[in-house]
Structure formats: structure tokens, C-alpha cells
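Try each one yourself before reading the solution.

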Amino acid sequence: MKKQVKLNEIIDVMETQFEGTSTYLNLKTYEVVSVSGDDMRIAEDEESFDHLPEWQQKDIQKAIDVLENFEDYLELPTKFEISEYNMMEQFIDNLNDQKKKSELFNSIQGKGAFRRFKDKLYDLEVHEEWYAYRDESFKQIALEWCNDNDIQCIE
């Protein structure tokens with residue numbers, strides 16, 4: 001029997017990843033687990049962490065489990081693998097209106113591209129189309145990841 005995981009849980013995690021954090025699917029419990037780089041370093045040190053707050057101790061315990069039982073975990077696609085910037089470019093390429101296409105393309109050049117892009121989406125009244133496109137793109141990435149790893153997604 002294939003492993004099952006809720007598709008929306010995978011999508012939600014992929015959309016909200018933080019830099020310096022890795023996210024895994026526990027292949028035994030099907031729980032999605034996020035572990036910070038700091039917690040991984042503390043877990044690798046093998047020094048006592050009793051003095052830390054309880055919430056942080058729990059996070060470090062997750063990191064220890066990932067390290068000690070790495071074969072039970074599968075890393076989800078990172079934000080670098082997903083590249084929302086590429087999504088923006090593809091969205092722009094798919095627009096039929098050349099004026100909107102040009103304005104949006106100009107908005108993603110240089111520093112501050114994400115903020116300018118989002119502002120321009122509202123100016124041009126194509127924000128609903130963008131969010132639908134973005135949602136569908138994340139869904140397709142999640143489905144492909146599940147398929148590649150023989151994981152059944154349930155919606």
C-alpha cells in the first residue's frame with residue numbers, strides 16, 4: 001500500500017518555508033516536520049539542552065529523530081527548488097495582453113522584484129489570476145513530488 005499524505009499539508013508547508021529550515025515527511029507517521037538549522041546543530045552536538053525552554057527541547061528532539069532515523073524521513077522540495085520567481089516569469093509569459101505583460105516583466109527586474117510584482121498585479125487587476133496560477137503551480141509541484149516518491153496524496 002502506498003503511503004498517504006494530505007496534499008494541502010504538503011502545499012502549505014512548501015508555500016511557507018523559512019530560510020534555514022528543512023521540512024520532512026515522516027514516512028512512518030506521515031507527519032510533516034520542520035527542523036531549523038540551529039536545532040540540527042544543537043542535536044548534532046550531543047550536549048545537554050535541558051536548560052533550554054520546553055518548546056525548544058521538543059524541536060531539538062524532532063531534529064534528533066531526523067538525524068537518528070534519517071531513512072524514515074523524506075525532505076520536501078525547498079523554496080530554492082520551487083523558485084517562485086520562475087513562477088512569476090511563467091505567469092507573465094502566459095498573459096495575452098502585451099501591455100500588461102511588459103509592465104509585469106519590468107516590475108520583476110532588480111532588487112525588490114517581489115514587492116513591485118505584487119503591487120503591479122493589483123494595479124493591472126490581474127492579482128486573482130496570479131494567485132490562481134500560483135496555487136495551481138504549487139499543487140503541481142506537490143503532486144509531482146508525491147508521485148516521484150511513491151506517496152499517495154489525498155485531497
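**Exercise 1.** In which helix is D45 found? Work out too whether D45 is buried or exposed.

*Solution.* Keep in mind that this is a predicted model. Start with the helix: D45 sits in α2, which covers residues 37–45. Next, take its relative accessible area, which is 51%. The cut-off for exposed is over 50%, so D45 counts as exposed.

**Exercise 2.** How far apart are the C-alpha atoms of D45 and R115?

*Solution.* First go along the chain, where 70 residues separate the two.

**Exercise 3.** What radius of gyration does the protein have, and what would a compact globule of 155 residues have?

*Solution.* Take the globule first: its value would be near 15 Å. The protein itself has 19 Å. For the overall extent, the C-alpha trace spans about 60 × 40 × 20 Å along its principal axes. As for burial, 34% of the 155 residues are buried.

**Exercise 4.** How many helices and strands does the protein have?

*Solution.* Read the elements from the N terminus on: β-α-β-β-α-α-β-α-α-α-α-α-β. Tally them up and you get eight helices and five strands.

Terms used: Residues numbered from 1 in each chain as written. Predicted model: local features only at pLDDT ≥ 70, side-chain atom pairs only at ≥ 80, totals over all residues. Heavy atoms only, no water. Helix = DSSP H or I, 4+ residues; strand = E, 2+ residues; numbered from the N terminus. Rg over C-alpha atoms; globule rule 2.2 N^0.38 Å. Buried < 20%, exposed > 50% of the residue type's maximum accessible area, 1.4 Å probe, protein only.
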